Amino acid sequence: QGRGFTHAVRRWTTLLLNEFVKLNAEADQVPSKMSEEIEEAEKEKEEADERWLLRRSLLSTLEAFALAQPSELLNHLRPLSVYLALDDDASEEEQWVASKICHILTAVLPNVGHRR
(Lines give C-alpha, C1' and ligand atoms only; values in the text may rest on other atoms or scores of the structure.)
Protein backbone atom coordinates (compact mmCIF):
# COMPACT_ATOMS: atom_id res chain seq x y z
CA GLN A 1 0.00 0.00 0.00
CA GLY A 2 2.84 2.43 0.79
CA ARG A 3 4.51 1.68 -2.50
CA GLY A 4 1.32 2.53 -4.41
CA PHE A 5 1.07 5.86 -2.59
CA THR A 6 4.71 6.66 -3.35
CA HIS A 7 4.18 5.86 -7.03
CA ALA A 8 1.03 8.01 -7.15
CA VAL A 9 2.78 10.98 -5.53
CA ARG A 10 5.78 10.64 -7.85
CA ARG A 11 3.50 10.47 -10.90
CA TRP A 12 1.44 13.45 -9.72
CA THR A 13 4.48 15.65 -9.13
CA THR A 14 5.84 14.68 -12.55
CA LEU A 15 2.57 15.68 -14.20
CA LEU A 16 2.54 19.00 -12.33
CA LEU A 17 6.10 19.79 -13.35
CA ASN A 18 5.44 18.83 -16.97
CA GLU A 19 2.41 21.13 -17.07
CA PHE A 20 4.47 23.98 -15.60
CA VAL A 21 7.18 23.51 -18.24
CA LYS A 22 4.53 23.37 -20.98
CA LEU A 23 3.00 26.65 -19.78
CA ASN A 24 6.44 28.28 -19.81
CA ALA A 25 6.97 27.16 -23.40
CA GLU A 26 3.56 28.54 -24.42
CA ALA A 27 4.32 31.87 -22.75
CA ASP A 28 7.53 32.14 -24.75
CA GLN A 29 5.60 31.66 -28.01
CA VAL A 30 3.23 34.60 -27.45
CA PRO A 31 4.23 37.40 -29.81
CA SER A 32 5.60 40.43 -28.01
CA LYS A 33 4.50 43.07 -30.55
CA MET A 34 1.33 45.00 -29.81
CA SER A 35 -1.75 44.02 -31.77
CA GLU A 36 -3.38 46.72 -33.89
CA GLU A 37 -6.82 45.74 -32.73
CA ILE A 38 -7.74 46.47 -29.11
CA GLU A 39 -9.88 43.33 -28.75
CA GLU A 40 -7.03 41.10 -29.85
CA ALA A 41 -4.63 42.83 -27.46
CA GLU A 42 -7.08 42.41 -24.57
CA LYS A 43 -7.58 38.75 -25.44
CA GLU A 44 -3.80 38.18 -25.49
CA LYS A 45 -3.50 39.88 -22.10
CA GLU A 46 -6.28 37.73 -20.64
CA GLU A 47 -4.60 34.60 -21.96
CA ALA A 48 -1.25 35.68 -20.53
CA ASP A 49 -2.89 36.44 -17.17
CA GLU A 50 -4.56 33.03 -17.17
CA ARG A 51 -1.25 31.28 -17.98
CA TRP A 52 0.44 33.22 -15.16
CA LEU A 53 -2.29 32.17 -12.73
CA LEU A 54 -1.87 28.53 -13.79
CA ARG A 55 1.92 28.73 -13.45
CA ARG A 56 1.61 30.20 -9.95
CA SER A 57 -0.90 27.54 -8.97
CA LEU A 58 1.28 24.72 -10.27
CA LEU A 59 4.38 25.99 -8.51
CA SER A 60 2.48 26.54 -5.27
CA THR A 61 1.19 22.97 -5.49
CA LEU A 62 4.71 21.66 -6.14
CA GLU A 63 5.91 23.65 -3.13
CA ALA A 64 3.20 22.07 -0.98
CA PHE A 65 4.34 18.62 -2.17
CA ALA A 66 7.94 19.57 -1.41
CA LEU A 67 7.00 20.45 2.15
CA ALA A 68 4.81 17.36 2.67
CA GLN A 69 6.79 14.75 0.68
CA PRO A 70 10.26 16.23 0.02
CA SER A 71 11.88 12.95 -0.94
CA GLU A 72 9.37 12.51 -3.78
CA LEU A 73 10.61 15.69 -5.48
CA LEU A 74 14.29 14.71 -5.48
CA ASN A 75 14.04 13.52 -9.09
CA HIS A 76 12.77 16.93 -10.16
CA LEU A 77 15.58 19.09 -8.79
CA ARG A 78 17.46 19.40 -12.07
CA PRO A 79 14.46 20.50 -14.21
CA LEU A 80 13.41 22.97 -11.53
CA SER A 81 16.88 24.48 -11.18
CA VAL A 82 16.71 25.70 -14.81
CA TYR A 83 14.35 28.44 -13.64
CA LEU A 84 16.97 29.86 -11.28
CA ALA A 85 19.01 31.31 -14.16
CA LEU A 86 17.82 34.92 -14.38
CA ASP A 87 19.04 37.72 -16.60
CA ASP A 88 19.55 41.24 -15.26
CA ASP A 89 16.30 42.32 -16.91
CA ALA A 90 14.21 39.42 -15.56
CA SER A 91 10.52 40.19 -15.18
CA GLU A 92 8.73 40.16 -11.84
CA GLU A 93 7.10 36.88 -12.86
CA GLU A 94 10.49 35.27 -13.54
CA GLN A 95 11.79 36.55 -10.21
CA TRP A 96 8.73 35.15 -8.41
CA VAL A 97 9.23 31.77 -10.10
CA ALA A 98 12.91 31.69 -9.08
CA SER A 99 11.96 32.57 -5.51
CA LYS A 100 9.36 29.79 -5.40
CA ILE A 101 11.90 27.33 -6.82
CA CYS A 102 14.29 28.33 -4.01
CA HIS A 103 11.55 27.52 -1.47
CA ILE A 104 11.08 24.10 -3.08
CA LEU A 105 14.83 23.39 -3.13
CA THR A 106 15.09 24.45 0.52
CA ALA A 107 12.46 21.87 1.43
CA VAL A 108 13.88 19.08 -0.73
CA LEU A 109 17.69 19.36 -0.46
CA PRO A 110 17.97 18.28 3.20
CA ASN A 111 16.54 14.90 2.07
CA VAL A 112 19.27 14.17 -0.49
CA GLY A 113 21.26 12.12 2.03
CA HIS A 114 18.21 10.02 2.93
CA ARG A 115 17.77 8.91 -0.67
CA ARG A 116 20.92 6.82 -0.93
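This is a predicted model: local features need pLDDT of at least 70, side-chain atom pairs count only at pLDDT 80 or more; totals for chains, interfaces and linings use all residues.

Analyst: Helices (H or I, at least four residues) and strands (E, at least two) are DSSP runs, numbered from the N terminus. Residues are numbered from 1 along each chain as its sequence is written, and side-chain values use heavy atoms, with hydrogens and water left out.

User: How many helices and strands are in the protein chain?

Analyst: The protein chain has five helices and zero strands.

User: How is a residue judged buried or exposed, and what percentage of the 116 residues is buried?

Analyst: Buried means under 20% relative accessible area, exposed means over 50%, and partly exposed lies in between (1.4 Å probe, protein chains only). Buried residues account for 30% of the 116 residues. One example is L23 in helix α1 (residues 2-29), which is buried because its relative accessibility is 4%. Between L23 and R51 there are 6.5 Å in space, C-alpha to C-alpha, although the two are 28 residues apart in sequence. R51 is among the buried residues of α2.

User: What is a salt bridge, and how many are there?

Analyst: A salt bridge is a side-chain nitrogen of Lys or Arg within 4 Å of a carboxyl oxygen of Asp or Glu. By this rule there are three. One of them joins K45 and D49, with the closest N and O atoms 3.1 Å apart; these residues are about one helical turn apart because they are four residues apart in helix α2.

User: Which helices does the salt bridge of K100 and E63 tie together?

Analyst: The side chains of K100 and E63 meet at 2.7 Å, N to O. K100 lies in helix α4 and E63 in helix α2, so the pair ties together parts 37 residues apart in sequence. K100 is buried at 15% relative accessibility, and E63 is buried at 14%. Another salt bridge links R55 and E93, with the closest N and O atoms 3.9 Å apart. R55 lies in helix α2 and E93 in helix α4, 38 residues apart.
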